[in-house]
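Subject: Structure handover

Hello,

Here is the structure we discussed. Please open it alongside this note. My findings follow below.

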Protein chains: 2
Amino acid sequence: MTWHFDNDRPIYTQLLEQILFLIISGQYPPGSKLPSVRELASEASVNPNTMQRALTELERMGLVYSQRTSGRFVTEDEAMIQRMKDSMGKDKILALFKDMEQLGYDADQTMELIHKITRR
Amino acid sequence: MTWHFDNDRPIYTQLLEQILFLIISGQYPPGSKLPSVRELASEASVNPNTMQRALTELERMGLVYSQRTSGRFVTEDEAMIQRMKDSMGKDKILALFKDMEQLGYDADQTMELIHKITRR
DNA sequence: ATTATTGTATTAATAACTTAATACAAAGAT
DNA sequence: ATCTTTGTATTAAGTTATTAATACAATAAT
């Protein structure tokens, strides 16, 4: 695993995204054990607390859980991962339509623009 | 004009949005003169520099221009306002599709989800 | 029982962002 | 010519966000 960061956004956010991607894409399968905080932090060359922050966020989102001393695991609930994926997707879509309304496009016009841009 | 602010985002951003909306919606028509920095700042009860920052952003976006001592004006170019609107819309749409790909949806799947959510 | 490994909490330091205070400069109005 | 109004630049203060340093706590392994 190679980690890379932009210079203009918080590192913990980018860590979160990259780990999230690993989970959603199945590279960290449901139920599997994650490397320890310190290990991940060392891999990514960040302070353990920074990694911890990313993991805590993922925990808040329900994608991982920690067992006090045995480590941290990806949720076993595959449906939950799928739901998370769908929910994020749905949110993003709804946010778009809301933004577009702010700009003065109603739903139909937005739809039209989408078709025009993606040619579908 | 009444101004109102959330407490969790920079004021200058919210000023920008509100003025942008006034322009896009035609309440500040193309070519019209905006109130002075100090006037706007006073109306909105913010420091003039904060208002200035919002206006500078709008200027960078090309929606307004300033004439050193006579004041600041909305661009006369209506097409430009429309283009700005379209461009922002287009950007938002493209960003969505990109985000969705990150989540693991290809363009077709995203399209499908959009239809499902909006029922169109 | 001791040690090593795990996650966690607390605090401090640093960095970035936001807002405010103030002074300057240009041009029109009187 | 002087004053007023305009935008602008610079600097400082305040606030929030981010990262780091360090210590603690729990449990499994030996």
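Two strands pair if DSSP finds at least two bridges between them. Helices (H or I, at least four residues) and strands (E, at least two) are DSSP runs, numbered from the N terminus.

This is a predicted model: local features need pLDDT of at least 70, side-chain atom pairs count only at pLDDT 80 or more, and totals for chains, interfaces and linings use all residues. Residues are numbered from 1 along each chain as its sequence is written, while chains are lettered from A and ligands numbered from 1 in the order written.

**Strands.** In chain A, strand 1 (residues 64–67) pairs with strand 2 (residues 71–74). The pairing is antiparallel, over four bridges. Three residues form the hairpin that joins strand 1 of chain A to strand 2 of chain A. A:Tyr65 sits opposite A:Phe73 of strand 2.

**Domains.** Chain A splits into domain 1 (11–76) and domain 2 (79–118). These bounds come from an automatic or database domain assignment. The domain centres, taken over C-alpha atoms, are 28 Å apart. Seven residues of domain 1 contact four of domain 2 in chain A; contact means C-beta atoms, placed from the backbone, within 7 Å.

**Between chains.** Helix 4 (residues 78–103) of chain A meets helix 5 (residues 107–118) of chain B, with axes within 10 Å and crossing at roughly 70 degrees. Axes are lines fitted to C-alpha atoms over the stretch in contact, and angles run from 0 to 180 degrees between N-to-C directions. From chain A, helix 4 contributes A:Gly89, A:Lys90, A:Ile93 and A:Leu94. Helix 5 of chain B contributes B:Leu113, B:Ile114 and B:Ile117.

Best wishes

Definitions and conventions:
Two residues are in contact if their C-beta atoms, placed from the backbone, lie within 7 Å.
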